[in-house]
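Dear colleague,

I am passing on the structure we spoke about, together with notes on what turned up when it was examined. Please read the notes beside the model itself.

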Amino acid sequence: SYGVYAQNANTSSITNSTIDGTYSEAAIKMESCIGCTVNNNTMSNNPYRGIWMDQGFNTTITNNTMDVDYYGIQAQSGSYYSLDGNTINLTNINDNNYLRAITFASSEYCTVNNNTITSTGNISYNSYAIYNDNYNSQAIINNNTIDWANYDSTQCGWYRADGSNYYPENNYGIYASDPQEIKGNNISLDQYYGGQAIYVYKSYSYNVDAVIESNTIDFWSQYDWSDNYGITINSSSNNSSYTLVKGNTVNIYNGTRGGIRSENDNTDIIDNVISFGDRYSQCNFNPNSPIGLRLSDSDHHIIKGNTITNFAKGIDLENNIDNVVDSNTIHTLTTYTTYTGNYQTWSNGYGIYAPNSDSLFITNNTITTESGAIIYQTNGASTIKYNLLETESGRGIWCENQAGVEFSNNTIASTNGNGDYGIHVSNLSAPVIKNNIIDNFQNGIYADN
């Protein structure tokens, strides 16, 4: 059943209407719609879908308000949809999985801007606030507010209206294939485990450059059973497009695996603030060596001006080529203590972790660690200059297995005198080491070649 159903509805408009009913299909459905407008309508009483648009072209769906059960806006098999300024609340009265607030599958060159997406029902499994998994979407997704942070920190769980509990797993704020822009979004997610706040996939058939900029993310996960990040960029192996990730604020908590991850070549990470923090630790605290920025198995990055705080690893550059790491501030921990007095000890802590990394330039960074090594690099050429490197009891620069070109003009200090080596070079590594200041380590420089 439908509130309004229009077939072959070219140039039709539905505006300023109030549609109240538990419609089993949609409050509004329109098909074959060129130049249609759906504006300033109110939909209530939990219809299955709010607006269902099929084969819409140059169609506008704007400024609508809806309380819906399953899908908010389903705009499919079209192009140039404008899905802007809508207020969507998902109630999930039928206890479904796979919810979608806005989905625009098989639709290219759409804008999804200035929407507000919330949930008063349970968001339980594989649900998406904004979703398009079809290649070459060319989407622009800007200035949306997504609030799916429904954890009850008093009862320490997620609860339906009847008091029964549920477990939100593998849910996403934004999931987009081959978008052009994701800018200025504010995303809050609480998860049992899994999911991503922003996930971008770059396909094998299209090379769409993308900008992910000025988003604010708060992402809490109860358990660390999945490789989930605030921002994840994944791609086909032959995709050669460029991605800029700039000016985002990514706050992750508890079991969330890390801040930003890219497996796509040619991704620049600039001026982001990435932090691990403490939330709901009176209920649960179970992090597993979180990573601030993970760029392993991908090449050709500029990593500049980022602030990365309170992770076990600051930057992971394992198995890659041609990276510049410049003017970042990194602070890593071996032991994280919560506001409730709980603590977690992490192993394998590093400021920059770069085994099997070639053509690596690390310059002008400020890096501090507790007991972890500040910079670790193997099996490749590395130039490390003009950095301020401090550790309590870790190692300064650690280079082995035919690695290193030049380590110069760095200031390297052990703040409590328990660091073993300021610079440690071994296994056929032979960099030029000059003009460094090394202070308060048990040993200054070790070189076996």
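Is Cys33 buried or exposed? Cys33 is buried, with a relative accessible area of 0%, where buried means under 20% relative accessible area, exposed over 50%, and partly exposed in between, with a 1.4 Å probe and protein chains only. Before going further, please keep in mind that this is a predicted model, in which local features need pLDDT of at least 70 and side-chain atom pairs count only at pLDDT 80 or more, while totals for chains, interfaces and linings use all residues. Residues are numbered from 1 along each chain as its sequence is written, and side-chain values use heavy atoms, with hydrogens and water left out.

Disulfides

The structure contains two disulfides, a disulfide being a pair of cysteine sulfur atoms within 2.5 Å. One of them joins Cys33 to Cys36, with an S to S distance of 1.9 Å, and its torsion of -100° about the S-S bond makes the link left-handed.

Strands (E, at least two residues) and helices (H or I, at least four) are DSSP runs, numbered from the N terminus. Cys156 is partly exposed at 33% relative accessibility, and Cys283 is partly exposed at 22%.

When the bonded cysteines of the chain are numbered in sequence order, the pairing reads 1-2, 3-4. Cys110 takes part in no disulfide, and the nearest cysteine sulfur to it, that of Cys33, is 14 Å away. Cys110 counts as buried at 1% relative accessibility, and Cys399 counts as buried at 0%.

Cavity and pocket

On a 1 Å grid over the protein atoms alone, a cavity is a set of points where a 1.4 Å probe fits but cannot get out, and a pocket is an open set with protein on both sides within 12 Å along at least five of seven lines; lining residues have an atom within 4 Å of a point. A search of the whole structure finds one cavity of 30 Å³ or more, and the largest cavity has a volume of about 50 Å³. Its lining includes Ile123, Trp148, Asn150, Trp158 and Asp190, and the lining residues divide into six nonpolar, two polar and one charged. In this division Ala, Val, Leu, Ile, Met, Phe, Trp, Tyr, Cys and Pro count as nonpolar, Asp, Glu, Lys and Arg as charged, and the others, Gly among them, as polar.

The largest pocket holds about 190 Å³ of space and is lined by 14 residues, of which Thr120, Gly121, Asn122, Arg160 and Ala161 lie nearest its centre. Its lining is made up of four nonpolar, seven polar and three charged residues. For both volumes, grid points are joined across faces, edges and corners, and the volume is the space filled by probe spheres set on the points.

Single residues

Most residues other than glycine have a negative phi. Ser32, although not a glycine, has a positive phi of about 50°; Ser32 is found in strand E4 (residues 26–34) and is partly exposed at 25% relative accessibility. Tyr280 also has a positive phi, of about 60°, and Tyr280 sits in the loop between E32 and E33, where it is buried with a relative accessible area of 15%.

Ser127 lies in the loop between strand E15 (116–119) and strand E16 (128–132) and counts as buried at 0% relative accessibility. Leaving aside neighbours within four places in sequence, Ser127 is in contact (heavy atoms within 4.5 Å) with residues including Asn97, Arg100, Trp148 and Tyr172. Trp148 is also one of the residues that line the largest cavity.

Ser296 belongs to the loop between E33 and strand E34 (301–304) and counts as buried at 4% relative accessibility. With neighbours within four places in sequence set aside, Ser296 is in contact with Ser262, Asp316, Glu318 and Asn320.

With best regards
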